[in-house]
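Take a look at the model first, then try each task before reading its solution.

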Amino acid sequence: MSKREIVTEPDPILRKKSETLEKVDDELRNLLDDMLETMYSAPGIGLAAVQVGVLKRLIVIDISKEKDKKNPLFLINPEIISKSKNTSIYEEGCLSLPGHYAEIERPAECYIKYIDYYGNKKEIKANGLLSTCIQHEVDHLNGILFIDYLSKLKKDMILKKLVKHKKEINKIIL
Ligand code: NI
């Protein structure tokens, strides 16, 4: 396993649609392992492949609270089949939008199907934090970021700060 660099906004790759995978093999599992290590060390609770620059429909999630009890979830080609009418609000952050958080309202429950780490077809019903997390990550696979749900004013403000932040980082490197 090795850690990969996380792509941050503004980067055009984050706006691209990720591709469906045809097969689950060791190469793919290596990528999933790298994604998990990258997510844990960030730290974060969810990461989509596009966030490490790979446009494939892959997600890793671990919402377990205790650090020594890891419970990773690997989602290959995840599809949200249905969403509940009732909603919940969480303050969301994103590893591709470092330092920014906003309350986002999403369907409280969702039903998803996906392929697991070993290539088996699975279906789960998610609620609470897991539901929000899955929806946030599936958005990434479609080029959507949580700031897209905010008003134009708020979104532009965050984008402006991120651009400024990137320029400052570049100054230090150069
Ligand atoms: Ni994110």
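**Exercise 1.** Does Cys 94 count as buried or exposed, and at what relative accessibility?

*Solution.* Start with the ground rules: this is a predicted model, where local features need pLDDT of at least 70, side-chain atom pairs count only at pLDDT 80 or more, and totals for chains, interfaces and linings use all residues. Residues are numbered from 1 along each chain as its sequence is written, and side-chain values use heavy atoms, with hydrogens and water left out. Buried means under 20% relative accessible area, exposed over 50% and partly exposed in between, using a 1.4 Å probe and protein chains only. Cys 94 comes out at 11%, so it counts as buried.

**Exercise 2.** Find what coordinates the nickel ion.

*Solution.* Look for donors, which are N, O and S atoms within 2.8 Å of the metal (3.2 Å for Na, K and Ca); water is not among the atoms, so sites may look incomplete. You get Cys 94 (SG), His 136 (NE2) and His 140 (NE2), at 2.1 to 2.3 Å. Along the chain, their spacing reads C-x41-H-x3-H. Finally, check His 140: with a relative accessible area of 1%, it is buried.

**Exercise 3.** Work out which residues Leu 130 touches.

*Solution.* Skipping residues up to four places away in sequence, Leu 130 touches Ile 61, Ile 63, Leu 73 and Ile 124.

How values were computed:
Contact = heavy atoms within 4.5 Å.
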